[in-house]
Amino acid sequence: MEDKTFTISVYSENNVGLLNRISGIFLKRHINILSLNVSESEIENVSRFIIVVNTTEKWVQNIVGQIEKQIEVIKAFYHTDEETIYLENALFKIASSLLFDEKQIQNIIKDSQSTIVTVSRDFFVISKSGRRSEIEELYEKFKPYGIMQFVRSGRISVSKEKMEISTLLETFK
Amino acid sequence: MRISGAEAVIRCLLEEGVDLVYGYPGGAIMPVYDELYKFQDQLHHVLVRHEQGATHAAQGYARATGKVGVAIATSGPGATNLVTGIADAQIDSTPLVCITGQVGRHLLGSDAFQETDIIGISTPVTKWNFQITEASQIPEIIAKAFYIARSGRPGPVLIDITKNAQFDEFDFSYEKCTGIRSYVPVPKLNLDKVAEAAALINSAKKPFIVFGQGIILGQAEEQLKAFIEKSGVPAGWTILGLSALPTDHPLNVGMLGMHGNYGPNLLTNECDVLIALGMRFDDRVTGKLSTYAKQAKVIHFEIDPAEVDKNVKTEVAVLGDVKEALNAILPLIDAKSHDLWHNEFKELYKIEVETVINEELNPTNGKGISMGETLEMINKHSKGDAIIVSDVGQHQMFACRYAKFNSTKSNITSGGLGTMGFALPAAIGAKMGKPEREVVAIIGDGGFQMTIQELGTIFQTQVPVKIVVLNNEFLGMVRQWQELFFDNRYASTKMINPNFVAIAEGYHIKSKKVTQREDLDAAVAEMMASKDSYFLEVMVEKENNVFPMIPTGACVSEIRLS
């Protein structure tokens with residue numbers, strides 16, 4: 001069975017210590033987490049973990065089974081890239097002088113459909129949402145001019161199919 | 001009622017029906033111990049000699065009674081000493097609630113005296129854990145702890161309570177936990193799957209049942225017996241399934257796995273339908289997975305969805321409570337006898353008797369006492385009615401292969417974790433849980449010395465357990481592997497042992513040492529007749545091996561008789 005990228009979604013109670021339990025499941029199997037995002041879901045006190053891993057389908061099934069076993073986990077799912085709509089967000093901090101001195105910078109911002117978040121005397125910050133490849137492409141374009149700071153978020157995603165969790169979570173409201 | 005957190009802990013335990021706890025006091029749990037002193041008429045505390053003994057004793061109590069075992073320890077080393085027993089309970093699905101003291105909330109994370117992150121440490125080996133930092137959390141969390149420990153697939157839970165939470169007062173009230181929204185302990189039985197399983201079983205020419213501890217945990221012993229008797233399907237057991245079906249039941253064909261019986265292992269790779277009941281296809285049972293029962297359609301009756309298809313691909317998974325599932329399938333099963341198929345097991349058993357069992361029970365050529373014949377002697381005097389608590393090693397395999405059981409919850413051993421040092425404290429817990437039954441601990445000379453200090457607990461509590469140490473002056477199982485797979489290089493497996501009888505007598509436990517075969521019968525008789533605790537050391541053949549054996553990584557049908 002070949003390795004693929006899977007997005008694991010976990011809906012859980014918002015309790016202290018659960019991240020430790022979930023990460024331990026990956027640790028035991030020596031599976032590296034490529035990206036992790038945890039935030040509140042559409043339901044109050046229900047958190048949603050989005051975990052991206054590269055592994056076989058057999059392993060991801062096994063992991064999801066073990067995650068669902070945790071007392072505070074309501075439901076866990078896994079999807080391939082084809083089954084989800086996903087993106088990351090990135091912030092680029094660049095010296096303000098470049099915005100005025102390097103005309104090309106303005107074109108890069110426009111063409112990449114990124115947004116200027118803030119501009120100060122010393123630096124400006126650009127936000128870009130998209131697939132990893134789009135963010136990496138933008139990074140490569142800014143790189144020659146000098147990037148003061150760069151940060152990228154974990155993946156966030158929604159499934160293309162209707163998720164049964166929506167109905168289940170409704171009952172928790 | 002306004003009370004302290006410490007008093008609340010005791011009242012919560014009483015509300016959950018607990019009357020016996022095992023533990024060891026220390027600084028961070030002292031407020032709870034102070035309350036234990038006040039409540040000693042209602043809640044009996046057994047002072048063990050090491051916290052590991054507390055968890056194993058609580059396990060023995062839980063396994064013998066089916067109730068939740070409780071262990072208490074202080075913070076830091078007290079808490080970490082519980083961990084081996086907790087890990088053992090986790091892998092063997094034993095319901096435990098462990099309560100540890102913790103430094104005051106204001107000191108958390110400051111590397112205070114006897115502070116450890118026991119929540120972090122115990123996370124991978126608990127079904128659930130929680131740190132209480134405010135007294136008012138105590139009733140709700142302890143109620144949840146008991147609910148989680150005992151429901152669904154049982155397991156250990158650890159509750160860590162900071163010292164301030166033990167001292168602080170609050171208005172106490174208690175409500176038992178009956179459900180947690182994110183937790184489904186028992187999946188709902190799907191009757192279509194039951195019908196599918198029944199059709200497969202009815203069409204099978206060579207069906208074979210493998211049952212595990214799930215039968216005992218699910219209290220489905222009667223249903224298992226009825227299912228086997230109606231379907232005529234031969235049944236083998238995993239090490240923790242032992243005693244769920246009487247040993248001498250005509251359709252009981254023996255033990256599966258590395259040192260299991262010849263027939264059931266060999267024929268696993270010939271059956272056409274394999275019916276797994278409350279077992280999890282442990283690697284000690286399956287051997288090499290790529291060749292395990294590949295010809296068979298597998299039906300898996302299981303309470304834990306994560307176990308389905310984890311190791312062995314199933315044709316039909318019947319998720320849910322095994323008792324309910326067996327009750328549902330029974331009317332759908334055709335009454336059959338499968339005599340020809342069953343005869344194949346009997347023929348292979350004859351071969352095993354001729355090549356292994358006869359020699360083990362009646363050693364020839366001037367060999368010393370064997371472990372098997374010692375077990376047979378215990379059978380003779382216990383008549384199969386004793387609870388046998390075995391430690392880990394060769395003697396454990398001999399105990400599980402040769403001990404006879406008439407009733408359920410009679411085989412208590414460390415299965416999944418293989419914890420040496422388990423048996424002595426677990427026997428204490430088993431006897432306290434079932435005082436009306438005879439409890440015999442079977443221990444090797446290695447494992448005995450891992451928790452030998454619990455002889456002190458036996459002396460102090462006067463709990464009348466029978467202890468049999470099978471002494472071969474070796475770490476026998478490792479030595480066997482060294483002989484078979486490491487060219488007889490006995491690296492660090494020879495043991496120079498102390499005078500065990502003198503040690504036991506030092507704890508005022510009646511003792512005897514047997515070195516000659518002709519003395520064995522009388523010694524076992526005397527031990528079994530004793531009303532008090534009794535220590536029996538049997539010097540056994542040094543380099544005896546446990547056979548049959550499936551070497552690690554080999555296929556079940558490559559089982560060796562010698």
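K93(A) lies over the face of F123(A), 4.6 Å from the ring centre.

A quick word on ground rules. This is a predicted model, in which local features need pLDDT of at least 70 and side-chain atom pairs count only at pLDDT 80 or more, while totals for chains, interfaces and linings use all residues. Residues are numbered from 1 along each chain as its sequence is written, chains are lettered from A and ligands numbered from 1 in the order in which they are written, and side-chain values use heavy atoms, with hydrogens and water left out.

## Aromatic pairs

Over all chains, a search of the whole structure finds 17 aromatic pairs. Rings of Phe, Tyr and Trp (its six-membered ring) pair if their centres lie within 6.5 Å; planes under 30 degrees apart count as stacked, over 60 as edge-to-face and the rest as tilted.

| Pair | Centre distance | Plane angle | Class |
|---|---|---|---|
| W341(B) and F345(B) | 4.9 Å | 75° | edge-to-face |
| F448(B) and F500(B) | 5.4 Å | 75° | edge-to-face |

W341(B) and F345(B) share helix α14 (residues 339-361) of chain B, 4 residues apart, about one turn of the helix. Helices (H or I, at least four residues) and strands (E, at least two) are DSSP runs, numbered from the N terminus. Both W341(B) and F345(B) are buried, where buried means under 20% relative accessible area, exposed over 50% and partly exposed in between (1.4 Å probe, protein chains only).

F448(B) belongs to helix α18 (residues 445-448) of chain B and F500(B) to helix α21 (residues 500-506) of chain B, so this pair ties together parts that are 52 residues apart in sequence. F448(B) is buried, with a relative accessible area of 1%, and F500(B) counts as buried at 1% relative accessibility.

In chain A, F92(A), Y139(A), F142(A) and F150(A) form one aromatic cluster.

## Helix α20 of chain B

In helix α20 (residues 476-485) of chain B, the buried residues include G476(B), M477(B) and R479(B). The buried residues of α20(B) pack against α16 (394-402) of chain B, with contact meaning heavy atoms within 4.5 Å. Just after α20(B), D487(B) takes a positive phi of about 55°.

## Where the chains meet

Between chain B and chain A, 17 residues of chain B are in contact with 16 residues of chain A. The area buried between them is about 1400 Å², of which carbon and sulfur atoms give 44%. That area is the accessible area (1.4 Å probe) that two parts lose on being put together, summed over both. T123(B), R181(B) and S182(B) supply 44% of the area that chain B buries against chain A, more than any other three residues.

The interface of chain B and chain A holds 2 salt bridges (a side-chain nitrogen of Lys or Arg within 4 Å of a carboxyl oxygen of Asp or Glu). The side chains of D304(B) and K69(A) meet in a salt bridge (2.8 Å, N to O).

E13(A), in strand β1 (residues 4-13) of chain A, counts as buried at 14% relative accessibility. Its neighbours in contact include R181(B) and S182(B). A polar contact of 2.6 Å joins the side chains of E13(A) and R181(B); a polar contact is a pair of N or O atoms within 3.5 Å, and within protein one must be able to donate a hydrogen and the other to accept it, while residues adjacent in sequence count only if both atoms are side-chain atoms.

Technical notes. A charge sits over a ring if NZ of Lys or CZ of Arg is within 6 Å of the ring centre and within 35 degrees of the ring normal. Lists of a residue's contacts leave out its neighbours within four places in sequence.
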